[in-house]
Amino acid sequence: MASTPARQRLRDLLDTRELIVAPGVFDGISAQLTKRTGHVAAYMTGAGVAASGFGLPDIGLVTATEMADRVRMIAGALGDIPLIADADTGYGAPMNVVRTMRCYEAAGVAAIQLEDQVFPKRCGHLPDKRVVDAAVFEQTLAAALDARSDDNLLVVARTDARGPLGLDVAIERANRYAEAGADIIFVEAPRDEQEVERIAREVDAPLLINLVLGGLTPLESASRLQELGYAISIHPGNLLMQATFGMLQSLCQLNGSDVVTHLPASPADFFNLVGMSEWLELDAKYTVKDASWA
């Protein structure tokens, strides 16, 4: 498959070693506005797509084909502006990852993000995440790298190990994934400035950092991230939270209710606006615990 101007543009931006600030986009208007306000890249947020496109929380409910359809529309709206697109765990075994990679590549993404969580995944700033063995995720990466037909399409490897296994393991995994061929490394949810600095110091690869409003990671300035050597900062919630606030405000004005009672203060609060607590109750109801062979 021939390369695209957007993919070449992302590689050129990385070569400048200037921090790439990528707002989180989730629909056509957020993509168009990102382009028209002069941003150099965009990040398709899986959480934003789940909530805005399907009224669902970011807990693994949206399918690969639903995500690929949204990728195609957003990449089309952005044109030559590079799109970094969330693909969660790749949506299954290595053969599923191959199909996901082919669909995202055909849709025009400049970079695809894959993560090492157990499926169904959870938003990186929610509790109770679980990760697969590092060797299992290396197979996911191998499938993705082999499946791409354009070497200018970048693969972002995300590890969620910081939460369940600690920062030491997360950094070890990050370097393993870089050695396995990932183009960009993403250590999700460092908890303080010291952890952000340590990741920058100890991971030998171009780094992406996720700055979530109300999330676990401190909202470092672009100048500080540039100083530390981060390559990309993504801001998945900024547009989504402003849009949500605007809608809540308008709705409460219409019926005279108090908007304050609905405003989210954390990612979990936001996902409860689209039914996370109900979905987690269903998950608990049908999850088999302490199963044994008959």
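Strand E5 (residues 154–159) is largely enclosed by the rest of the structure, because 6 of its 6 residues are buried. Buried means under 20% relative accessible area, exposed means over 50%, and partly exposed lies in between (1.4 Å probe, protein chains only). Strands are DSSP runs of E with at least two residues, helices are runs of H or I with at least four, and both are numbered from the N terminus. The model is predicted: local features need pLDDT of at least 70, side-chain atom pairs count only at pLDDT 80 or more, and totals for chains, interfaces and linings use all residues. Residues are numbered from 1 along each chain as its sequence is written, and side-chain values use heavy atoms, with hydrogens and water left out.

**The strands**

Leu154, Val156 and Arg158 point one way from E5. Val155, Ala157 and Thr159 point the other way. Both sets are buried. Strand E4 is mostly covered too, with 5 of its 5 residues buried. Ala111, Gln113 and Glu115 point one way from E4, Ile112 and Leu114 the other way.

The pairings follow. Two strands pair if DSSP finds at least two bridges between them.

| Strand pair | Bridges | Direction |
|---|---|---|
| E3 (residues 83–86) and E4 | 3 bridges | parallel |
| E4 (residues 111–115) and E5 | 5 bridges | parallel |
| E5 and E6 | 4 bridges | parallel |

Individual partners can be named. Ala85 has Ile112 in E4 as its bridge partner. From E3, the chain crosses through helix H5 (residues 94–107) to E4, in a right-handed β-α-β crossover. Right-handed means that, with the strands pointing away from the viewer, the path from the first strand over the helix to the second runs clockwise. Gln113 stands opposite Val156 in E5. E4, helix H6 (residues 134–147) and E5 also make a right-handed β-α-β unit. Thr159 has Val187 in E6 as its bridge partner.

**Helix H9**

Which residues of helix H9 (residues 193–202) are buried? They are Glu195, Val196, Ile199 and Ala200. Seen down the axis of H9, they fall within an arc of 140°, so they line one face of the helix. The arc is taken from the directions from the helix axis to the C-beta atoms. An α-helix has 3.6 residues a turn, so residues three or four places apart point the same way. Gln194 and Arg201 are exposed on the other side of H9.

The cover over the buried residues of H9 includes helix H7 (162–165), helix H8 (167–179) and helix H10 (222–228). It also includes strands E6 (184–187) and E7 (207–210). Contact here means heavy atoms within 4.5 Å. Asp192 caps the N-terminal end of H9, with a side-chain oxygen 3.1 Å from the backbone nitrogen of Gln194.

**Val212**

Val212 sits in the loop between E7 and H10. Is Val212 buried or exposed? Val212 is buried, at a relative accessible area of 12%. Leaving aside neighbours within four places in sequence, Val212 is in contact with His125, Leu219, Pro236 and Pro267. Val212 and Met67 are 145 residues apart in sequence and 21 Å apart in space, C-alpha to C-alpha.

**Aromatic pairs**

Rings of Phe, Tyr and Trp (its six-membered ring) pair if their centres lie within 6.5 Å; planes under 30 degrees apart count as stacked, over 60 as edge-to-face and the rest as tilted. The count comes to 2 aromatic pairs. The rings of Phe270 and Phe271 have centres 5.5 Å apart and planes at 70°, so this pair is edge-to-face. Phe270 and Phe271 are both buried.

Terms used
Polar contact = N/O pair within 3.5 Å; in protein donor to acceptor, adjacent residues only side chain to side chain.
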